[in-house]
Amino acid sequence: MVAFGFLLGPASMFFLRNRDPFDSFHGILGLIVLGLFSWTGWSGRALARGNPDAREIHRIAAASSVAAGMLAAVAGFILLP
C-alpha cells in the first residue's frame with residue numbers, strides 16, 4: 001500500500017493539481033516513508049532467514065516507518081481540497 005500510494009501521490013499532484021510532484025512537505029515525507037518501509041522489509045527478510053542480528057535493526061526500522069507514516073498522513077491534510 002505504501003508503494004501504491006507513493007506512485008499515485010505524485011501522479012495526482014502533477015495531473016490533477018498542476019503542481020510539482022514533490023512540491024510539498026508531504027511529498028518529501030513520502031520519499032522517507034517509502035525508504036523506511038523498504039528498510040523494514042529488507043531487515044525482516046534477513047530476520048526470516050535466521051539472522052538474529054537483524055532483530056534490532058528491524059525493530060528500529062519498523063518503529064521509524066510507522067512514526068514517519070503517521071507524520072506524513074498529518075502533513076497531507078493541507079493538500080485536501
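## Helices α2 and α3

In this predicted model, helices α2 and α3 lie roughly antiparallel to each other. The reason is the angle: their axes cross at roughly 155°, and angles over 145 degrees count as roughly antiparallel. Helix α2 covers residues 25-48, and helix α3 covers residues 54-75. Their axes come within 8 Å.

The crossing of α2 and α3 has a hand: left-handed. Sorted by class, the residues of this contact are 17 nonpolar, eight polar and one charged.

## Helices α1 and α2

Helix α1 runs over residues 2-15. Helix α1 packs with α2 at an angle of about 155°, and the two axes are 10 Å apart. That angle makes α1 roughly antiparallel to α2. Here, too, the crossing is described as left-handed.

Which residues of α1 meet α2? They are V2, A3 and F6. On the α2 side, the partners are G30, L31, V33, L34 and F37. By class, this contact holds seven nonpolar residues, one polar and no charged.

## The length of α2

After α2 comes G50. The phi of G50 is positive, near 100°.

## Buried residues of α2

Several residues of α2 are buried: G27, L29, V33, L36, T40, S43 and A46. Against what do the buried residues of α2 pack? They pack against α1 and α3.

## A closer look at G44

G44 also belongs to helix α2. Is G44 buried or partly exposed? Its relative accessibility is 22%, so G44 counts as partly exposed. The cut-off for buried is under 20%.

In sequence, G44 and F15 are 29 residues apart. In space, their C-alpha atoms are 35 Å apart.

## Summing up

Helix α2 is roughly antiparallel to α3. Helix α1 is roughly antiparallel to α2. The buried residues of α2 pack against both α1 and α3.

Conventions. Residues numbered from 1 in each chain as written. Predicted model: local features only at pLDDT ≥ 70, side-chain atom pairs only at ≥ 80, totals over all residues. Heavy atoms only, no water. Axes fitted to C-alpha atoms, helices over the stretch in contact; angles between N-to-C directions. Helix = DSSP H or I, 4+ residues; strand = E, 2+ residues; numbered from the N terminus. Parallel < 35°, antiparallel > 145°, perpendicular 65-115°, else oblique. Left-handed = near helix turned anticlockwise from the far one by under 90°. Nonpolar A, V, L, I, M, F, W, Y, C, P; charged D, E, K, R; others polar. Buried < 20%, exposed > 50% of the residue type's maximum accessible area, 1.4 Å probe, protein only. Contact = heavy atoms within 4.5 Å.
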